[in-house]
Amino acid sequence: MERLVVCGWEHDESALLQALREQAQLETVAVGDQYPARLVRARTATRLACYQHTRQMAHDQAFDALLLGAPDSAEEVATTAAVRGADLLLLGDRMDADALHAA
C-alpha cells in the first residue's frame with residue numbers, strides 16, 4: 001500500500017480517504033492544514049500526525065501521493081511532491097485558477 005499525505009482539511013474527509021484506501025491502495029499517513037480548528041477535526045477523525053505547516057509536512061513525511069485540497073500552499077507542496085516523484089491528486093472544487101496552474 002502506498003502512503004498518502006493530505007494537504008487541506010475542510011470537512012470530514014473520512015469517506016474520501018476510505019475510498020482512496022480501498023480503490024487506490026493509498027494509506028493516509030498525515031494531514032496538514034494552516035488552520036488549527038481544522039487540524040483538531042482532522043486529528044479527531046483520523047488519529048494521524050497533523051501539521052499546521054504544510055510545507056514542513058511535505059518535507060518531513062515519506063509519501064507516494066499527495067492529496068491537495070488547499071489552494072494557499074499549492075505551489076510549494078506540489079513542487080515538493082514532484083521533486084520526490086509522488087503522485088499529485090487535486091480536489092478541483094477547492095482550487096482556484098492560480099493553484100491549478102501551479103499544480
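The following legends describe close-up views of a predicted model. Local features require pLDDT of at least 70 and side-chain atom pairs pLDDT 80 or more, whereas totals for chains, interfaces and linings use all residues. Residues are numbered from 1 along each chain as its sequence is written, and side-chain values use heavy atoms, with hydrogens and water left out.

**View 1. The open sheet has five strands in the order β3-β2-β1-β4-β5, with parallel pairing.** Strands β3 and β5 are the edges, each pairing on one side only. On average, neighbouring strands are turned by 30° against each other, direction ignored. Strands and helices are DSSP runs (E, at least two residues, for strands; H or I, at least four, for helices), numbered from the N terminus. Two strands pair if DSSP finds at least two bridges between them. Strand β1 (residues 2–7) and β2 are joined in the parallel sense over six bridges, and R3 has E27 in β2 as its bridge partner.

View 2. Axes are lines fitted to C-alpha atoms, for helices over the stretch in contact, and angles run from 0 to 180 degrees between N-to-C directions. T80 belongs to α4 (residues 74–84) and is counted as buried because its relative accessibility is 11%. Buried denotes under 20% relative accessible area, exposed over 50%, and partly exposed the range in between (1.4 Å probe, protein chains only). Apart from neighbours within four places in sequence, T80 is in contact with A58 and H59, where contact means heavy atoms within 4.5 Å.

**View 3. A network of salt bridges links E10, E13 and R94.** A salt bridge is a side-chain nitrogen of Lys or Arg within 4 Å of a carboxyl oxygen of Asp or Glu; by this rule the count comes to six. In the pair of R94 and E10, the closest N and O atoms are 3.9 Å apart. This pair links distant parts of the chain, 84 residues apart: R94 is in the loop between β5 and α5 (97–102), and E10 is in the loop between β1 and α1. R94 counts as buried because its relative accessibility is 16%, while E10, at 31%, is partly exposed.

**View 4. Two further pairs, E27 with R21 and R38 with D33, form salt bridges.** The N to O distance is 2.5 Å for E27 and R21. E27 is partly exposed at 29% relative accessible area, as is R21 at 36%. For R38 and D33, the closest N and O atoms are 3.7 Å apart. D33 is buried, with a relative accessible area of 2%, and R38 counts as partly exposed at 25%.

**View 5. Q25 and R47 have positive phi values although neither is a glycine.** Phi of Q25 is near 60°, and this residue lies in the loop between α1 (14–24) and β2 (26–32). Q25 is partly exposed at 41% relative accessibility. R47, with a phi of about 60°, is in the loop between α2 (36–46) and β3 (49–51). R47 is exposed because its relative accessible area is 65%.
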